[in-house]
Amino acid sequence: MTLVAVLVVAAALIGVGVWGVLSQQSFVMVMMGFELALNGVMLAAAGAWRFAAGGEPKGQVLVIVALFVMAIEAAIGFALVVAVYRRRQADTTEGIATMER
Amino acid sequence: MTGWPVDVAFWVLAVGAVWFGWRVFRTDSMVRATFALLVSFLDVGAIMVLLLAEYLGVALFFMMAVEMTVMAIFMVAYMMNPAGLNPMQMVHQPRVAVVAGVLAAAGLAAVAWFADLPSVALVAPQDTIRELGLEVMGESMILMQTAGITLLATMIGAVALTAAHGRFGEATSGSRPPRLDPDAEPVEQEMARPDPHAHHGGHG
């Protein structure tokens, strides 16, 4: 287990997440792609903390910030899914072509 | 933690994390997709434990167990095929997406491979949790407080976005475009009721 190995795995997770975000139609599946990419970001940060920063505690705080980002993304994302469905009866990206009401 | 058992565990967990992440977008069942994502997160959490970031790993276990349960409920509520009994393909621009994903992964992996990354051993491997606690309750306190306020704003925003009725009636009834002149009467605008048949579709 080396820093390069951890970062390569993180890159693979981010790549799978990007593929999911760009290819999926359902809003919830798009969000899952974002979460997978953030998963890779957290792994990369943890690896850098462990192997390149000498265990400086601020590195772990960076991972906690990524956790916050993920929690906020999920909460606001689900709220937007509910709001868009209520107003437009749309649950896929193809269902909303404009930003108008 | 060092030695070959850690390396073997790391590679098993790493392959599991990526493979289950890939399965999220390849399975027909929405619930299975959600739990595949959960397994991917649990694998990464276990890798964090191997990296001696035990607090982060365990926090990831708990957070993702709850979040993916909520997500499974949303998946069943908003998708047509919760049990995966029918084959389902709900994708667009699949080729562009694959190319972008491969390019992103390859680019980041190339940076990791070719960059001259520093190598600094852990200073206090036994004390990572204690040091994190001192950091969070000390120098990084302002960051935690900001995060707390941000999460509060998130909760209020989520409720405001999802509420069907506000204090003054329906959530959409008060939305009128403002005039440039503040004293002028506001523009009355008929709220177009969404036609339930017009935009319904997309369940491939």
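Trainee: What share of the 101 residues of chain A counts as buried, and what makes a residue buried?

Mentor: In chain A, 57% of the 101 residues count as buried. A residue is buried if 20 or more other C-beta atoms, placed from the backbone, lie within 10 Å of its own, exposed if 12 or fewer do, and partly exposed in between. For chain B the share is 25% of 204 residues. Do keep in mind that this is a predicted model, where local features need pLDDT of at least 70, side-chain atom pairs count only at pLDDT 80 or more, and totals for chains, interfaces and linings use all residues. Residues are numbered from 1 along each chain as its sequence is written, with chains lettered from A and ligands numbered from 1 in the order in which they are written.

Trainee: How many helices and strands does chain A have?

Mentor: Chain A has three helices and zero strands, in the order α-α-α from the N terminus. Helices are DSSP runs of H or I with at least four residues, strands are runs of E with at least two, and both are numbered from the N terminus. Chain B has six helices and two strands, arranged as α-α-α-α-α-α-β-β along the sequence.

Trainee: How does the radius of gyration of chain A stand against a compact globule?

Mentor: Chain A has 17 Å, whereas a compact globule of 101 residues would be near 13 Å. The radius is taken over C-alpha atoms, and the globule rule is 2.2 Å times the number of residues to the power 0.38. The C-alpha trace of chain A spans about 50 × 25 × 15 Å along its principal axes.

Trainee: Which residues does Leu43(A) touch?

Mentor: Leaving out residues up to four places away in sequence, Leu43(A) touches Val6(A), Val9(A), Ala10(A), Leu13(A), Val44(B) and Ile47(B). Contact requires C-beta atoms, placed from the backbone, within 7 Å.

Trainee: How many residues does each chain bring to the contact?

Mentor: Chain A brings 66 residues and chain B 78. On the side of chain A that touches chain B, α3(A) gives the most, with 22 residues.

Terms used
Contact = placed C-beta atoms within 7 Å.
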